[in-house]
Amino acid sequence: MVKIYGGSTYNATKVLFTAEELELSYEYVHLNFVTGEHKSPEHLARHPLGKVPAIEHNGHFLFESASLCRYLANISNKKLYSADPLRAAEIDQMVDMICHHVGRWLGVYFYQEVVLKKYYNKSPEEKAIAEAKGFLDQQLPFIDKTLVASRFLCGDEITLADTIALPYFHAQEVTSVNFDAYPSIKRWYAEMKERPAFKRALAKMPQ
Ligand SMILES: N[C@@H](CCC(=O)N[C@@H](CS)C(=O)NCC(=O)O)C(=O)O
């Protein structure tokens with residue numbers, strides 16, 4: 001059985017949500033960041049940087065959230081992904097766009113407005129927020145336009161692009177990012193966050 005190591009973070013949520021959509025049977029191990037469980041020698045053997053998520057399967061350890069989601073899809077008959085190289089590349093391209101661009105900048109808002117305050121009692125750095133806003137103003141119109149043309153991020157069926165993207169958008173419920181200019185993103189988000197698999201994933205981790 002797959003063992004998923006996580007914490008209450010959007011990167012770990014991607015993996016739990018994907019596992020739930022795939023109806024995979026797995027064990028979830030929650031690591032406590034406050035007590036430093038993610039930096040213990042046991043966890044450093046699973047993830048060289050002492051981060052979450054990581055998984056253990058058949059005696060092998062793997063890390064990097066998007067790679068983990070892809071692996072889970074591949075061991076579950078490819079629901080959410082595809083055996084067709086072109087279709088798989090289209091899904092990969094959207095996953096990379098989310099992780100390296102849109103999600104990266106949404107992550108800056110979450111770090112600056114939530115993490116810095118909660119864990120370091122620090123105020124957000126205006127320069128970092130302005131940089132993230134600049135990139136999101138360029139990139140979110142593309143995501144909105146994509147969602148005008150299709151129900152999900154990569155066509156009319158849910159794929160890894162959606163399960164990987166949703167946690168970044170969900171994290172913005174506690175930031176100042178405003179999606180009012182993007183009605184199709186709002187439509188997609190409202191539908192996605194009600195999925196039973198997402199609710200089951202969130203219920204697994206203390207918020
Ligand atoms: N690119 C990695 C990022 C992993 C990551 O940065 N995880 C954060 C939580 S979202 C973490 O474990 N931070 C704790 C630390 O770095 O000490 C992935 O997608 O898995």
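A residue counts as buried if 20 or more other C-beta atoms lie within 10 Å of its own, as exposed if 12 or fewer do, and as partly exposed in between. This tour uses those words throughout, and the model it visits is a predicted one.

**Stop 1: the two domains.** Select residues 2-79 and then residues 85-195; the domain assignment of the protein chain gives these as domain 1 and domain 2. Their centres, taken over C-alpha atoms, are separated by 21 Å. Where the domains meet, 10 residues of domain 1 are in contact with 10 residues of domain 2. On the side of domain 1 that touches domain 2, the elements giving two or more residues are H1 and H3. H1 provides the largest share of that side, six residues. By class, the side consists of five nonpolar, two polar and three charged residues.

**Stop 2: helix H1.** Select residues 10-21. This helix of 12 residues reaches 16 Å from its first C-alpha to its last, close to the 16 Å expected at 1.5 Å a residue. How many of the residues of H1 are buried? The count is 12 of 12, and H1 is thus described as mostly covered. Among the buried residues are Tyr10, Leu16 and Phe17, together with Lys14 and Glu20. To see what covers them, display strand E1 (2-6), strand E2 (26-30), helix H3 (65-74), helix H6 (160-170) and helix H8 (196-204), which are included in the cover. Just after H1, select Glu23, which takes a positive phi of about 55°.

**Stop 3: helix H6.** Select residues 160-170, a helix that is included in the cover of H1. H6 is itself mostly covered, with 10 of its 11 residues buried. The buried residues include Leu160, Ile164, Leu166 and Phe169. The elements covering them include H1, H3, H4, helix H7 (183-192) and H8.

Most residues other than glycine have a negative phi, and most peptide bonds are trans. The peptide bond from Val52 to Pro53 is cis, with omega near 5°. Pro53 is found in the loop between helix H2 (41-46) and E3. Glu64 has a positive phi, near 80°, and lies in the loop between E4 and H3. Why is Glu64 partly exposed? Glu64 is partly exposed because 15 other C-beta atoms lie within 10 Å, a count between the limits for exposed and buried.

**Stop 4: the hairpin of E3 and E4.** Select residues 54-57 and 60-63. These strands, E3 and E4, pair in the antiparallel sense over four bridges. Ile55 stands opposite Leu62 in E4. The hairpin has two residues between the strands, and there Asn58 takes a positive phi near 50°. Asn58 counts as exposed because it has 7 C-beta neighbours inside 10 Å.

**Stop 5: Asn77.** Finally, select Asn77, in the loop between H3 and helix H4 (85-120). Is this residue buried or exposed? Asn77 is exposed, because 10 other C-beta atoms lie within 10 Å.

Methods. Residues numbered from 1 in each chain as written. Predicted model: local features only at pLDDT ≥ 70, side-chain atom pairs only at ≥ 80, totals over all residues. Expected span 1.5 Å × (residues − 1). Contact = placed C-beta atoms within 7 Å. Domains from an automatic or database assignment. Nonpolar A, V, L, I, M, F, W, Y, C, P; charged D, E, K, R; others polar. Pairing = 2+ DSSP bridges.
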